[in-house]
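User: I would like a close look at one part of this protein, taken slowly and with the terms spelled out.

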Amino acid sequence: MDICIVGGHGKIAMHLHPVLVKNGHHVRGIIRKPEQAKDLQEAGAEPVICDIEQEDDISKAVGNADLVVFAAGAGPGSGAERKWTVDRDGAVKLIDAAKQNAIKRYIMISAMGLDKPRGNEVFRVYQKAKAEADEALRKSGLDYTIIKPGRLTDQHGTGKVSLAPHLDRGEIPREDVAHLLAEVIEEPEMSGLTFDLVSGNTPIEDAVRVALSLTG
Ligand SMILES: NC(=O)c1ccc[n+]([C@@H]2O[C@H](COP(=O)([O-])OP(=O)(O)OC[C@H]3O[C@@H](n4cnc5c(N)ncnc54)[C@H](OP(=O)(O)O)[C@@H]3O)[C@@H](O)[C@H]2O)c1
């Protein structure tokens, strides 16, 4: 497949590129800082420069693809304003670009617990922005899969996760999220579904099958 990842230099994305390349896919990563291009090339991905906050229409950068992944985020150091412009509007611009370019599949890295917002004002805005992006995707008509990880860590992956429609809060290494996303990408039956994701006891290679069995 030809796969376009927005937020191509994100920590999850940088774990994901080599796995997808190993699985035989061609990967393009959208980044806004040209100096990050080399890192993507070393990970086997083709860098495309586009600032998703500056551009209203990102369809040219997204180009032709079989599937897109939204892996961008304003990040913990940003204020409330960029939660809207990156976490919500960036994701919506990718929906528009996918439609414009006749790309059917869209995988969203969302976050768990958005239905029960908590924390300080900026974190609440982040959760609202992510929830609105998810809602826009559900209504888009695209073949979406929304993956909602718990708190992300930079620890080494354990190779084991819990993937289910509703889970208690927890955390998960970014490396495990990337490997799980690679499994989701291989399974078109995940379309139209939303799952929570935390560390657990199911080997990542079995997690998609187990999760599908839970949805009936
Ligand atoms: N942190 C958590 O505990 C947690 C939990 C659940 C879900 N999530 C979500 O998981 C996703 C991925 O997480 P992560 O840790 O891999 O993210 P990350 O390392 O913070 O990466 C986000 C990427 O988005 C890029 N980006 C920001 N603004 C952009 C713009 N205007 N144009 C193009 N790219 C832009 C950043 O690039 P620059 O280097 O240019 O800034 C960065 O590479 C995020 O959506 C996050 O909200 C996080």
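In what order do the nine strands of the open sheet stand, and what packs on the sheet?

Analyst: This is a predicted model, in which local features need pLDDT of at least 70 and side-chain atom pairs count only at pLDDT 80 or more, while totals for chains, interfaces and linings use all residues. Residues are numbered from 1 along each chain as its sequence is written, and side-chain values use heavy atoms, with hydrogens and water left out.

The nine strands run in the order β3-β2-β1-β4-β5-β6-β10-β8-β11, with mixed pairing; helices (H or I, at least four residues) and strands (E, at least two) are DSSP runs numbered from the N terminus, and two strands pair if DSSP finds at least two bridges between them. Because β3 (46–49) and β11 (202–203) each have a single partner strand, they stand at the edges, and one side of each is left without a neighbour in the sheet. The partner of β11 is β8 (residues 160–164), which pairs with β11 in the antiparallel sense over two bridges, and in β11 the residue bridged to K160 is P203.

Helix α6 (residues 174–185) packs on this sheet, touching β1 (2–6), β4 (67–70), β5 (105–109), β6 (143–149), β8 and β10 (193–199), where contact means heavy atoms within 4.5 Å. The direction of α6 makes about 160° with that of β5; axes are lines fitted to C-alpha atoms, for helices over the stretch in contact, and angles run from 0 to 180 degrees between N-to-C directions.
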